[in-house]
Amino acid sequence: MTKKLLILAVGAVALMAGLDLRAGDASTSAQSSEVAGIDPAKLWAQTCSQCHNMRPVKAYSKDEWGVIVHHMRVRANLTGSEARAIAAFLQSAEQ
Amino acid sequence: MRGWQSRRGMRHGHHVGAAPGGGRFSGKFRAAVAGLALLTALPVGAADQQAPVTRAEYDALMKQMMALQKEVADLKSQQAATAKAVAAAPASAAPSPGKVTGKTFDSLQGQIDEVKSITDIVNPGDTKFVIAGSASSTFSTYSNTPSNFGATFAPIFLWQLNDKLLVESEIEMELEDTSTIVNLEYADISYELNDYMTLDAGKFLNPMNIFVERYEPNWINKLPDTPLAIYDGILPESNVGVQLRGAVPIGPSRLKYAGYASNAPRLIADDSEAAGQLQFDNFTSLSDYKAYGGRLGLEVIPGVEAGYGVQYANVTANTGGVGSTSSFLQSVDLEVKRDSPALKGAFTLLGQYAWSNVGDVTYDPNGDLGFGPTNFTNNRSGGYLQLSYRPKRLSDFLNRFEFIVRGDMANAPSSAPGAFDERRLTLGVDYWLTSFTVLKAAYELDERTNGEPNQNGFLLQIATGL
């Protein structure tokens, strides 16, 4: 039983990891300004303010925003395309 | 207490190494050509890395590169002419190619090194480092307890090794009695497998303890202290193991998930005040037992999320003479954040209820520890509900205030050693100095039903994200 569950779990992980092809495609269009028709500024406001006040754009440099958004992608369960859209928006905003 | 968001500190790495110099004409020439090829390739590499090289810098480099190319072409002509002259002239009249070309190439090498030093400055490297975190200072006074000042500092270190790989760690330092307590709150390495899945390994925050994972940093937590239940042996704060987590969009909704395997908690069996409680800070896996758990959360629409989490583990104690048993933890949580134009402000509702069951064992079976033998149904529960309102649209003065009310409770079996049953009602007011610095005041009404005196409290705190 445990072995079957383990095989099932590994299969599910492999299946989801296989979605990397789509991730690869998405990463090439990392500068896409919209995710599922949502304005990236709105996406930023919705996702970040759900837990805390939004930090001013000038609080971080462009590179720092990249790291912060990566951190928040993991913590807040953002999808890769959402994280890239938010990072691109913050990095293109006036510093 | 824990914090994250903050700043600062960039490290530049991945410098281009200096081209080696040579003492011979042909060696220097090859080095020059190789250097030029390297310089020619540099703008492309910089673009690949999303390097912030400005147009002006790029143009300046291109200009210098063109000049160097011209200089190389001139040198080639000069070399050809020299060879021709040497061949035509008598041996005694031949110029010393080593002296003439060596000086020229030394000069050229110097210019190449100069250009490379410029490119090294603007090259951001692949590795990026940010320090975030929080800091706070608290004054608290509880009935039947001396008032006290306290302070915490909780830096978070974030290393982004590349677009997929992140190392993060938080170290919390706080004062307690005569000591400074230093805790490694988490330290994990995450790798993005794809857009919807991240693999995370190390000491990570427990995903079913949603308060710890999202709201605990002092500049995010709206009250000066933390709710009951999330630390009282009912839910883990962190686990040491590996987890898979991510999110999948479903129409306008998002399904958030996390699943993990980690060291199992330890069953406390030798403490007369805590026997039967789970010790989650168990960094050594006893009897090879592991914990398996996770959380599923559905963000129905942005700002409205509900979740359910579980953790199962066989547990044992390394002392106390008890055997092994099972433990099962469950939790439901709710997060709602809405703006209300009618009420000219924003509401936030947070709630979590957790309950646990540990299988039957006999504690202190021989009576050696002075509280046994004892056996009890080991069910514990606790939770909190917190509502806050910030009048964002009333006036520039009032929009800095936020008003909070929280009810929380936690209990352990009445027949267990160290039994407790506590309920609190907390009223708080925050004043936001900036979006990440806040002054908090709160009054806590406490009720304990196990014979302990109530501890009403008043707390003041200033907290900031770094």
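In chain B, take the contacts (heavy atoms within 4.5 Å) between residues at least 6 apart in sequence: 61% of them join residues at least 24 apart. A word on the source: this is a predicted model, where local features need pLDDT of at least 70, side-chain atom pairs count only at pLDDT 80 or more, and totals for chains, interfaces and linings use all residues. Residues are numbered from 1 along each chain as its sequence is written, chains are lettered from A and ligands numbered from 1 in the order written, and side-chain values use heavy atoms, with hydrogens and water left out.

Stay with chain B. Its secondary structure comes to 4 helices and 18 strands. Those are DSSP runs, numbered from the N terminus: helices are H or I with at least four residues, strands are E with at least two. Chain B has 466 residues, and 46% of them count as buried. Buried means under 20% relative accessible area, exposed means over 50%, and partly exposed is in between, with a 1.4 Å probe and protein chains only. The accessible surface of chain B is about 21,100 Å², and 60% of that belongs to carbon and sulfur atoms. Areas come from the Shrake-Rupley method with a 1.4 Å probe; for residues, only the protein chains shown count as cover.

Now the surface. Which residues make the nonpolar patch of about 640 Å²? They are B:Leu387, B:Val405, B:Leu425, B:Leu427, B:Tyr443, B:Leu445, B:Phe458 and B:Leu460. Patch residues have over 30% relative accessible area and no salt bridge; like charges are joined within 9 Å, nonpolar side chains (Val, Leu, Ile, Met, Phe, Trp, Tyr) within 5 Å. A salt bridge is a side-chain nitrogen of Lys or Arg within 4 Å of a carboxyl oxygen of Asp or Glu. Three strands of chain B each supply at least two patch residues: strand 16 (421-434), strand 17 (437-448) and strand 18 (457-465). Take B:Leu427. It lies in strand 16 and is partly exposed, at 46% relative accessible area.

Next, rings. One pair is B:Phe401 with B:Phe403: stacked, 6.4 Å centre to centre, 10° between the planes. B:Phe401 is buried at 18% relative accessible area, while B:Phe403 is partly exposed at 37%. B:Phe401 also pairs with B:Tyr431, edge-to-face, at 5.0 Å and 65°. B:Phe401 lies in strand 15 (residues 401-411) and B:Tyr431 in strand 16, so this pair ties together parts 30 residues apart in sequence. B:Tyr431 is partly exposed, at 24%.

On to chain A. A:Arg55 lies over the face of B:Trp219, 5.2 Å from the ring centre. A:Arg55 also lies over the face of B:Phe436, at 4.0 Å. The cut-off: NZ of Lys or CZ of Arg within 6 Å of the ring centre and within 35 degrees of the ring normal.

Last, backbone angles. Most residues other than glycine have a negative phi. A:Asn77 has a positive phi of about 55°. A:Asn77 sits in the loop between helix 4 (62-75) and helix 5 (80-92) of chain A. Is A:Asn77 buried or exposed? Buried, at 4% relative accessibility. B:Asp177 has a positive phi near 55°. B:Asp177 lies in the loop between strand 3 (165-176) and strand 4 (179-194) of chain B. B:Asp177 is exposed, at 80%.

Note on methods
Phe/Tyr/Trp six-rings, centres within 6.5 Å; stacked < 30°, edge-to-face > 60°.
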